[in-house]
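Visitor: I've got a structure here and a few questions about it. Could you walk me through them?
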Amino acid sequence: VSQRGLFLGMTLWLLIALMATPCARAGTFRDDFEDGNLDGWRQDFPVEKEPTLWKIVNGELECTRQDTVSTVLVTGDVTWEDYIIEYDVKLLEDFGPGDVDIVARRGVDAAVDQLLLFGIGDWGNLFGVWGTHFNGDNFLAKGFDLLKLKEWHHLKLEAKGKEFIFWVNGKKALEYRDNVLKTGAVGLGLANYTARFDN
């Protein structure tokens, strides 16, 4: 085999190897809670080293939060950029005005302005969905059918650059833009409900 042929063969092999190797930053994080632990999750509000308001019951994550301010459970890396966050939720008991949330771009600092929060519920004077840069500088809301009790629902958030799309049960519920937070961990939140989360 000539040197040129050997070089071309090695180059082709290297290109194939590079194409077949997934990006080191890409991947899927999945937790169905069947392992019975919350390793890798932290309670962000109220801030605790271990989740105190969240527990696993029969392979599902359960939380009871009797307060209009959401408790937040976070996982992931503060360097995460673009992602899709989705989960299933079943509301078991309603304690008053409340919501179910998806957290995106959660920074390393515990300051409240370092996260984006997308929710659905009857929070404040709103009956619907909303997105906010949590210090309140950028808030967008619109009416939307609330989640029914004792039924499974699917929430999903697509985060890509400055663009965010919030989906509820397969319906596009809200499109939102944020120019500030570029990276951050992910999570979920709950206020004034007992609820189960999965997948």
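Predicted model: local features only at pLDDT ≥ 70, side-chain atom pairs only at ≥ 80, totals over all residues.

Visitor: Is Phe33 buried or exposed?

Guide: Look at its relative accessible area, which is 3%. The cut-off for buried is under 20%. So Phe33 counts as buried.

Visitor: What is the phi of Phe33?

Guide: Phe33 isn't a glycine, yet its phi is positive. The value is about 65°.

Visitor: And where does Asn169 lie?

Guide: Asn169 isn't a glycine either, and it has a positive phi of about 50°. Its relative accessibility is 38%, so Asn169 counts as partly exposed. As for the place, check the loop between strand S11 (163–168) and strand S12 (171–177).

Visitor: Which residues does a cis peptide bond join?

Guide: Check the loop between strand S1 (41–45) and strand S2 (47–48), where Pro46 lies. The omega of the cis bond is about -15°. The two residues it joins are Phe45 and Pro46.

Visitor: What share of the contacts with a separation of 6 or more comes from residues 24 or more positions apart?

Guide: Here a contact means heavy atoms within 4.5 Å. Among those in the protein chain with a separation of 6 or more, the share from residues 24 or more positions apart is 64%.

How values were computed:
Residues numbered from 1 in each chain as written. Heavy atoms only, no water. Helix = DSSP H or I, 4+ residues; strand = E, 2+ residues; numbered from the N terminus. Buried < 20%, exposed > 50% of the residue type's maximum accessible area, 1.4 Å probe, protein only.
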